[in-house]
Amino acid sequence: MSRLLVACAVLLGTASFAQAPAASPSQPKAAAAAPEKPNPIKASAERTQAALAQLPKAKPEDVKSQDAILKALYDVISGPAGAPRDWQRFRSLFYPGAQLIPLGKPPGATTLAARPITPEDYVTWGQESTATHGFFEKEIARQTHAFGALVQVMSTYEARGTQDGPLIAKGVNSIQLFNDGQRWWVMNIFWIDEKTAGLTVPKDLTQK
């Protein structure tokens with residue numbers, strides 16, 4: 001009998017009869033750990049922090065107040081043809097993820113369309129455009145609404161090809177600003193001009 005038991009142990013791969021018996025097939029196996037689901041909010045926060053670290057440092061005087069950042073925004077895009085703009089200064093005004101959104105009518109269309117671009121898209125376009133075209137944009141009136149660090153500015157503007165040249169556009173920039181406790185940031189700019197809107201800027205948006 002003992003020889004038979006030894007033979008069975010060898011065939012079953014058992015090293016010793018003293019080992020604990022294998023678990024019964026009826027006993028449940030430990031559940032495998034479920035893979036951790038990606039957290040989009042956490043991922044977005046990490047991307048934002050990485051992008052903030054890559055931004056050029058803003059001039060303190062440009063971002064110390066609402067007035068300062070709006071003045072810098074209009075100033076940095078304005079200048080005569082062929083005069084290089086300070087695009088690093090421009091980039092420094094925008095929070096990561098910011099968009100610039102003009103409203104316009106695509107060729108042949110009768111309705112408006114929003115065409116969101118990034119600040120970097122604007123830089124690419126601006127570098128080419130300002131090489132041969134002058135552009136001066138200034139704020140002529142402003143209406144501001146705020147709730148804590150969240151600020152919405154309706155900024156009425158006039159645009160010209162030269163400093164004192166004829167008016168080429170008039171419209172409204174809807175600008176969202178944010179204060180992170182250290183400085184002001186531009187979050188988004190959404191705009192339309194009178195020609196595109198088919199309307200005159202209303203009086204309440206032309207009063208300072």
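**View 1. Leucine 103 has alanine 114 of strand S2 as its bridge partner.** Helix H2 (residues 40-54) packs on the sheet and touches S1 and strand S6 (184-193); the direction of H2 makes about 90 degrees with that of S1. Contact means heavy atoms within 4.5 Å. Axes are lines fitted to C-alpha atoms, for helices over the stretch in contact, with angles from 0 to 180 degrees between N-to-C directions. Strand S1 (residues 94-104) pairs with S2 in the antiparallel sense over two bridges. Strands pair if DSSP finds at least two bridges between them. Helices (H or I, at least four residues) and strands (E, at least two) are DSSP runs, numbered from the N terminus.

The model is predicted: local features need pLDDT of at least 70, side-chain atom pairs count only at pLDDT 80 or more, and totals for chains, interfaces and linings use all residues. Residues are numbered from 1 along each chain as its sequence is written, and side-chain values use heavy atoms, leaving out hydrogens and water.

**View 2. The open sheet has six strands in the order S2-S1-S6-S5-S4-S3.** Its pairing is mixed. Strand S2 (113-114) and strand S3 (136-147) each have a single partner strand, so one side of each is left without a neighbour in the sheet.

**View 3. S4 and S5 form a hairpin with six residues between them.** Eleven bridges join strand S4 (residues 150-160) to strand S5 (residues 167-179) in the antiparallel sense. In S5, leucine 177 is the bridge partner of valine 151.

**View 4. S5 and S6 form a hairpin with four residues between them.** Glycine 181, in the turn, has a positive phi of about 95 degrees. S5 and S6 run antiparallel and are joined by nine bridges. Isoleucine 192 in S6 stands opposite valine 172.
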